[in-house]
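The sequence and the model come first.

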Amino acid sequence: MLRERYERDELFFHELCDAYFKPVYKYCRKLANSQTGLMDFADECTQNTFLEARKQISKLKNHPNVEGWLFTTARNFVNLSFRAMYLKNKYEVFMSDDINDRLESRNNEIDQIIENAVDVDDLYQEVLMNLSTSEYELYADYYMKKMSIADLARKYNVSANAITTRIYRINKKIRSIVQTLVVSLDL
(Lines give C-alpha, C1' and ligand atoms only; values in the text may rest on other atoms or scores of the structure.)
Protein backbone atom coordinates (compact mmCIF):
# COMPACT_ATOMS: atom_id res chain seq x y z
CA MET A 1 0.00 0.00 0.00
CA LEU A 2 2.84 2.40 0.86
CA ARG A 3 4.65 1.39 -2.29
CA GLU A 4 1.56 2.15 -4.39
CA ARG A 5 1.24 5.57 -2.76
CA TYR A 6 4.93 6.26 -3.41
CA GLU A 7 4.55 5.21 -7.06
CA ARG A 8 1.47 7.47 -7.47
CA ASP A 9 3.39 10.37 -5.92
CA GLU A 10 6.33 9.75 -8.25
CA LEU A 11 4.04 9.60 -11.28
CA PHE A 12 2.30 12.82 -10.25
CA PHE A 13 5.65 14.53 -9.69
CA HIS A 14 6.97 13.46 -13.13
CA GLU A 15 3.76 14.71 -14.75
CA LEU A 16 4.18 17.98 -12.88
CA CYS A 17 7.77 18.33 -14.09
CA ASP A 18 6.84 17.48 -17.67
CA ALA A 19 3.98 19.98 -17.73
CA TYR A 20 5.49 22.92 -15.81
CA PHE A 21 9.29 22.77 -15.78
CA LYS A 22 9.79 24.88 -18.93
CA PRO A 23 7.13 27.49 -18.05
CA VAL A 24 8.50 27.87 -14.51
CA TYR A 25 12.05 28.17 -15.89
CA LYS A 26 10.93 30.86 -18.36
CA TYR A 27 9.17 32.67 -15.53
CA CYS A 28 12.33 32.59 -13.40
CA ARG A 29 14.37 33.90 -16.34
CA LYS A 30 11.86 36.69 -16.83
CA LEU A 31 12.09 37.62 -13.16
CA ALA A 32 15.87 37.63 -13.50
CA ASN A 33 15.39 40.07 -16.40
CA SER A 34 17.13 37.67 -18.79
CA GLN A 35 20.51 38.96 -17.63
CA THR A 36 23.20 36.62 -18.85
CA GLY A 37 24.97 36.65 -15.48
CA LEU A 38 21.82 35.45 -13.78
CA MET A 39 20.98 32.41 -15.91
CA ASP A 40 22.44 30.09 -13.25
CA PHE A 41 20.22 31.99 -10.87
CA ALA A 42 17.11 31.05 -12.91
CA ASP A 43 18.28 27.42 -13.08
CA GLU A 44 18.79 27.30 -9.32
CA CYS A 45 15.41 28.88 -8.52
CA THR A 46 13.62 26.51 -10.89
CA GLN A 47 15.38 23.51 -9.40
CA ASN A 48 14.56 24.68 -5.85
CA THR A 49 10.92 25.14 -6.83
CA PHE A 50 10.63 21.55 -8.01
CA LEU A 51 12.59 20.22 -5.04
CA GLU A 52 10.08 21.97 -2.79
CA ALA A 53 7.24 20.54 -4.90
CA ARG A 54 8.68 17.06 -4.41
CA LYS A 55 8.88 17.59 -0.66
CA GLN A 56 5.24 18.64 -0.55
CA ILE A 57 3.89 16.31 -3.24
CA SER A 58 1.19 14.80 -1.03
CA LYS A 59 -0.26 18.27 -0.35
CA LEU A 60 0.07 19.32 -3.99
CA LYS A 61 -1.95 16.37 -5.23
CA ASN A 62 -5.02 17.89 -3.54
CA HIS A 63 -4.11 21.54 -4.08
CA PRO A 64 -6.78 23.53 -5.96
CA ASN A 65 -4.21 25.49 -8.04
CA VAL A 66 -0.97 23.55 -8.52
CA GLU A 67 0.24 25.84 -11.30
CA GLY A 68 -0.29 28.91 -9.11
CA TRP A 69 1.54 27.22 -6.25
CA LEU A 70 4.52 26.46 -8.51
CA PHE A 71 4.76 30.01 -9.87
CA THR A 72 4.34 31.57 -6.42
CA THR A 73 7.03 29.27 -5.02
CA ALA A 74 9.32 30.13 -7.93
CA ARG A 75 8.78 33.85 -7.36
CA ASN A 76 9.53 33.40 -3.64
CA PHE A 77 12.79 31.59 -4.45
CA VAL A 78 13.77 34.32 -6.93
CA ASN A 79 13.05 37.03 -4.34
CA LEU A 80 14.98 35.11 -1.69
CA SER A 81 17.94 34.72 -4.05
CA PHE A 82 17.85 38.42 -4.96
CA ARG A 83 17.88 39.32 -1.26
CA ALA A 84 20.82 37.01 -0.60
CA MET A 85 22.71 38.39 -3.61
CA TYR A 86 21.98 41.98 -2.51
CA LEU A 87 23.27 41.32 1.01
CA LYS A 88 26.36 39.60 -0.32
CA ASN A 89 27.13 42.48 -2.69
CA LYS A 90 26.35 45.05 0.00
CA TYR A 91 29.03 43.73 2.35
CA GLU A 92 31.69 42.54 -0.08
CA VAL A 93 34.23 44.86 -1.61
CA PHE A 94 36.33 43.80 -4.56
CA MET A 95 39.45 45.70 -5.52
CA SER A 96 42.21 45.04 -7.95
CA ASP A 97 45.54 43.85 -6.58
CA ASP A 98 47.17 47.09 -7.71
CA ILE A 99 44.78 49.20 -5.65
CA ASN A 100 45.16 46.87 -2.69
CA ASP A 101 48.96 47.13 -2.87
CA ARG A 102 48.89 50.94 -3.03
CA LEU A 103 46.41 51.18 -0.15
CA GLU A 104 48.47 48.76 1.90
CA SER A 105 51.69 50.73 1.36
CA ARG A 106 49.94 54.01 2.28
CA ASN A 107 48.38 52.39 5.33
CA ASN A 108 51.84 51.17 6.37
CA GLU A 109 53.17 54.72 6.09
CA ILE A 110 50.28 56.13 8.11
CA ASP A 111 50.61 53.34 10.66
CA GLN A 112 54.31 54.13 11.07
CA ILE A 113 53.64 57.85 11.62
CA ILE A 114 50.93 57.10 14.19
CA GLU A 115 53.03 54.46 15.95
CA ASN A 116 55.91 56.94 16.30
CA ALA A 117 53.65 59.66 17.73
CA VAL A 118 51.10 57.65 19.69
CA ASP A 119 51.20 54.79 22.13
CA VAL A 120 48.79 52.46 20.32
CA ASP A 121 47.97 50.48 23.47
CA ASP A 122 47.00 53.68 25.30
CA LEU A 123 44.95 54.82 22.32
CA TYR A 124 43.22 51.43 22.20
CA GLN A 125 42.40 51.59 25.93
CA GLU A 126 41.15 55.16 25.60
CA VAL A 127 38.83 54.19 22.74
CA LEU A 128 37.47 51.17 24.59
CA MET A 129 36.85 53.21 27.73
CA ASN A 130 34.63 55.54 25.70
CA LEU A 131 32.40 52.67 24.55
CA SER A 132 29.41 51.61 26.61
CA THR A 133 29.27 48.04 27.89
CA SER A 134 26.81 46.97 25.21
CA GLU A 135 28.89 48.67 22.48
CA TYR A 136 32.05 46.99 23.73
CA GLU A 137 30.36 43.57 23.83
CA LEU A 138 29.14 43.94 20.25
CA TYR A 139 32.56 45.24 19.18
CA ALA A 140 34.28 42.26 20.80
CA ASP A 141 31.82 39.75 19.34
CA TYR A 142 32.12 41.13 15.81
CA TYR A 143 35.76 42.14 15.54
CA MET A 144 37.55 39.94 18.04
CA LYS A 145 35.43 36.79 18.01
CA LYS A 146 34.60 37.21 14.29
CA MET A 147 30.91 36.36 14.75
CA SER A 148 28.72 36.69 11.66
CA ILE A 149 25.88 39.22 11.39
CA ALA A 150 23.34 36.36 11.53
CA ASP A 151 24.92 34.92 14.69
CA LEU A 152 24.98 38.35 16.31
CA ALA A 153 21.32 38.92 15.40
CA ARG A 154 20.41 35.65 17.10
CA LYS A 155 22.57 36.39 20.14
CA TYR A 156 21.17 39.89 20.69
CA ASN A 157 17.66 38.90 19.57
CA VAL A 158 17.39 41.68 16.96
CA SER A 159 17.29 41.80 13.17
CA ALA A 160 20.40 41.64 10.99
CA ASN A 161 19.69 45.23 9.88
CA ALA A 162 19.71 46.37 13.52
CA ILE A 163 23.09 44.67 14.05
CA THR A 164 24.65 46.25 10.95
CA THR A 165 23.31 49.64 12.05
CA ARG A 166 24.79 49.19 15.53
CA ILE A 167 28.16 48.14 14.10
CA TYR A 168 28.12 51.15 11.78
CA ARG A 169 27.39 53.47 14.73
CA ILE A 170 30.14 51.90 16.82
CA ASN A 171 32.62 52.34 13.96
CA LYS A 172 31.53 55.96 13.55
CA LYS A 173 31.94 56.56 17.29
CA ILE A 174 35.40 54.94 17.31
CA ARG A 175 36.51 57.04 14.32
CA SER A 176 35.30 60.16 16.10
CA ILE A 177 37.13 59.23 19.31
CA VAL A 178 40.35 58.43 17.45
CA GLN A 179 40.12 61.62 15.43
CA THR A 180 39.62 63.68 18.58
CA LEU A 181 42.56 61.99 20.29
CA VAL A 182 44.88 62.31 17.28
CA VAL A 183 43.94 65.97 16.73
CA SER A 184 44.64 66.66 20.39
CA LEU A 185 48.17 65.26 19.84
CA ASP A 186 48.70 67.78 17.02
CA LEU A 187 50.52 65.39 14.66
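## Contacts of Phe13

Leaving aside residues up to four places away in sequence, Phe13 touches Phe50, Ala53, Arg54 and Ile57, where contact means heavy atoms within 4.5 Å. The C-alpha atoms of Phe13 and Phe50 are 8.8 Å apart in space, while the two residues are 37 residues apart in sequence. Phe13 is found in helix α1; helices (H or I, at least four residues) and strands (E, at least two) are DSSP runs, numbered from the N terminus.

With a relative accessible area of 13%, Phe13 is buried. Buried means under 20% relative accessible area, exposed over 50%, and partly exposed in between, with a 1.4 Å probe and protein chains only. Arg54 lies over the face of Phe13, at 5.9 Å from the ring centre. A charge sits over a ring if NZ of Lys or CZ of Arg is within 6 Å of the ring centre and within 35 degrees of the ring normal.

## Basis of the values

The model is predicted: local features need pLDDT of at least 70 and side-chain atom pairs count only at pLDDT 80 or more, whereas totals for chains, interfaces and linings use all residues. Residues are numbered from 1 along each chain as its sequence is written, and side-chain values use heavy atoms, with hydrogens and water left out.

## Chain overview

The chain has nine helices and zero strands, and its elements run α-α-α-α-α-α-α-α-α from the N terminus on. Of its 187 residues, 25% count as buried. Among contacts between residues at least 6 apart in sequence, 61% join residues at least 24 apart.

The chain exposes about 13700 Å², of which carbon and sulfur atoms supply 52%. Accessible areas come from the Shrake-Rupley method with a 1.4 Å probe; for residues, only the protein chains shown count as cover.

## Aromatic pairs

How many aromatic pairs does the structure hold? There are four aromatic pairs. Rings of Phe, Tyr and Trp (its six-membered ring) pair if their centres lie within 6.5 Å; planes under 30 degrees apart count as stacked, over 60 as edge-to-face and the rest as tilted. One of the pairs is Tyr27 with Phe71, edge-to-face at 5.2 Å centre to centre, with 80 degrees between the planes. This pair links distant parts of the chain, 44 residues apart: Tyr27 is in helix α1 (residues 2–31) and Phe71 in helix α4 (residues 66–91). Tyr27 is partly exposed, at a relative accessible area of 22%, whereas Phe71 counts as buried at 18% relative accessibility.

Tyr142 and Tyr143 also pair; their ring centres are 4.8 Å apart and their planes at 85 degrees, so the pair is edge-to-face. Both residues fall in the partly exposed class, Tyr142 with a relative accessible area of 27% and Tyr143 at 30% relative accessibility. Ring pairs link Tyr139, Tyr142 and Tyr143 into a cluster.

## Helix α7

Helix α7 (residues 133–144) has twelve residues, which at 1.5 Å a residue should span 16 Å; its end C-alpha atoms are 15 Å apart, which agrees. The expected span is 1.5 Å times one less than the number of residues.

Within α7, Glu135, Leu138, Tyr139, Ala140 and Asp141 are buried. Lys146, which follows α7, has a positive phi, near 60 degrees.

## Salt bridges

The structure holds seven salt bridges, each a side-chain nitrogen of Lys or Arg within 4 Å of a carboxyl oxygen of Asp or Glu. Among them, Lys55 pairs with Glu52, the closest N and O atoms being 3.9 Å apart. Both lie in helix α2 (residues 39–55), three residues apart, about one turn of the helix. An α-helix has 3.6 residues a turn, so residues three or four places apart point the same way. Lys55 counts as exposed, at 66% relative accessibility.

Another salt bridge joins Asp141 and Lys155, with the closest N and O atoms 2.6 Å apart. Asp141 lies in helix α7 and Lys155 in helix α8 (residues 149–156), so the pair ties together parts that are 14 residues apart in sequence. Asp141 is buried at 2% relative accessibility, while Lys155 is partly exposed at 47%. Arg154 and Asp151 form a salt bridge with closest N and O atoms 2.4 Å apart, and both lie in helix α8, three residues apart. Salt bridges that share partners join Asp141, Lys145 and Lys155 into one network.
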